[in-house]
Amino acid sequence: MAKLKLKTNRAAAKRFKVTGTGKLKRNKAYKRHILTKKSTKTKRNLRKATLVDSTNEKQMKRILPYL
C-alpha cells in the first residue's frame with residue numbers, strides 16, 4: 001500500500017528558507033510602502049532576514065514538510 005504524500009503550502013515555500021541547522025529564515029514585514037515616514041534606522045533594520053519564532057516553528061514545519 002502506497003504512503004500518502006503531503007502537499008507543501010506553495011505560498012509559504014516561496015517565503016521561507018531553511019538554515020543549515022534546520023531553522024526557518026524569513027524576511028521582515030513593513031518595508032513595502034509608506035517608507036517616507038519611517039526612519040532610516042528602521043528601514044535599515046528591516047533589510048536583514050530573521051528567524052521564525054520558536055512558537056510558530058512547529059506550524060511552519062507542518063505546512064513545509066519537504067523544505
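1. A quick term to start: a residue is buried under 20% relative accessible area, exposed over 50%, and partly exposed in between (1.4 Å probe, protein chains only). Keep in mind that this is a predicted model, where local features need pLDDT of at least 70, side-chain atom pairs count only at pLDDT 80 or more, and totals for chains, interfaces and linings use all residues. Residues are numbered from 1 along each chain as its sequence is written, and side-chain values use heavy atoms, with hydrogens and water left out.

2. Have a look at Tyr30. At 67% relative accessibility, Tyr30 is exposed. You'll find Tyr30 in the loop between strand S2 (24-26) and helix H2 (40-47); helices (H or I, at least four residues) and strands (E, at least two) are DSSP runs, numbered from the N terminus. Tyr30 isn't a glycine, yet its phi is positive, about 75 degrees. Most residues other than glycine have a negative phi.

3. Ile34 sits in the loop between S2 and H2. Ile34 also isn't a glycine, and has a positive phi of about 55 degrees. Is Ile34 buried or partly exposed? With a relative accessible area of 46%, Ile34 is partly exposed.

4. Next, Asp53, in the loop between strand S3 (50-51) and helix H3 (54-63). Asp53 has a relative accessible area of 42%, so it counts as partly exposed. Along the sequence Asp53 and Leu24 are 29 residues apart, while in space they are 8.7 Å apart, C-alpha to C-alpha.
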